[in-house]
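Work through the two exercises below with the sequence and coordinates at hand. Each task is followed by a stepwise solution.

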Amino acid sequence: MRHAVLRSVGGESFSGSGLWRRVGRAARLSLVGSILLLGGAATQARPVAAIPDATSVGETGGARPVAAWNGFCAKYPAECAVDTSQPAFITLNPAIWRTLTSVNRRVNSRIHPITDMAHWGVVDRWDFPDDGFGDCEDFQLLKRRMLVERGLPRRALRMTVVIDDIGEGHAVLMVRTDKGDLILDNKTSAILSAPRTGYTYVKREGQDSMAWVSLNGVASPVATANR
């Protein structure tokens with residue numbers, strides 16, 4: 001069956017099939033444009049991931065570190081030194097938040113948990129998990145090293161001893177920020193404010209010297225041997 005021939009006002013001829021192809025193409029382009037506009041609007045409306053507000057964990061005096069910390073410091077003295085010219089608190093912004101979450105997830109996914117007894121034949125040893133295995137404090141020490149390499153001040157990244165949800169000694173990394181204290185933990189890849197972990201905070205590295213400080217006046221565990 002022949003298609004009718006239509007003549008435009010300007011005198012140009014189109015076959016009926018050609019006309020509908022052009023109309024169809026125009027409609028599709030219009031639809032794509034609408035989707036792009038809607039997509040752009042949705043992108044602009046999508047909020048940046050919320051940065052949590054947190055409370056700061058108060059200090060209640062001096063404290064002695066766990067014994068294994070002293071061995072770590074003898075092996076890696078620069079890791080334990082406190083440079084008071086560095087800021088004690090990080091200004092938390094979206095870029096810093098992305099760095100924290102990226103490092104926390106990366107280490108948690110790549111290091112295999114193992115007790116110090118199974119790993120080293122001792123109850124408690126603090127070290128970097130460079131062989132791919134470690135327990136709680138080893139995870140946090142690696143996270144801190146990686147964060148320092150990315151430009152964060154070590155002084156604001158404090159190794160911290162807690163009593164965890166099963167009543168055992170455990171080590172986490174406390175990130176001190178202008179929005180409060182955030183916790184990096186190998187038990188979860190979610191970065192939580194200190195109260196939301198449910199842990200009891202015992203002590204942490206000091207920010208003005210190599211001496212540790214007590215938190216909440218809670219008795220310290222002998223070791224942080226929990227995976």
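The model is predicted, so local features need pLDDT of at least 70 and side-chain atom pairs count only at pLDDT 80 or more, while totals for chains, interfaces and linings use all residues. Residues are numbered from 1 along each chain as its sequence is written, and side-chain values use heavy atoms, with hydrogens and water left out.

**Exercise 1.** Determine which strands pair with E11 and whether its faces are buried or exposed.

*Solution.* 
1. Strands are DSSP runs of at least two residues, numbered from the N terminus; E11 spans residues 212–215.
2. Two strands pair if DSSP finds at least two bridges between them.
3. A hairpin through 6 residues joins E10 to E11.
4. Buried means under 20% relative accessible area, with a 1.4 Å probe and protein chains only. Trp-212 and Ser-214 on one side of E11, and Val-213 and Leu-215 on the other, are all buried, leaving both faces covered.

**Exercise 2.** Explain why Thr-160 counts as buried, and list what surrounds Thr-160.

*Solution.* 
1. Thr-160 lies in strand E6 (residues 157–163).
2. Thr-160 counts as buried because its relative accessibility is 0%.
3. Contact means heavy atoms within 4.5 Å. Beyond neighbours within four places in sequence, Thr-160 is in contact with His-170, Ala-171, Val-172, Met-174, Tyr-201, Lys-203, Arg-204 and Leu-215.
4. A polar atom of the Thr-160 side chain lies 3.0 Å from the backbone oxygen of Arg-158.

Technical notes:
Buried < 20%, exposed > 50% of the residue type's maximum accessible area, 1.4 Å probe, protein only. Helix = DSSP H or I, 4+ residues; strand = E, 2+ residues; numbered from the N terminus. Polar contact = N/O pair within 3.5 Å; in protein donor to acceptor, adjacent residues only side chain to side chain.
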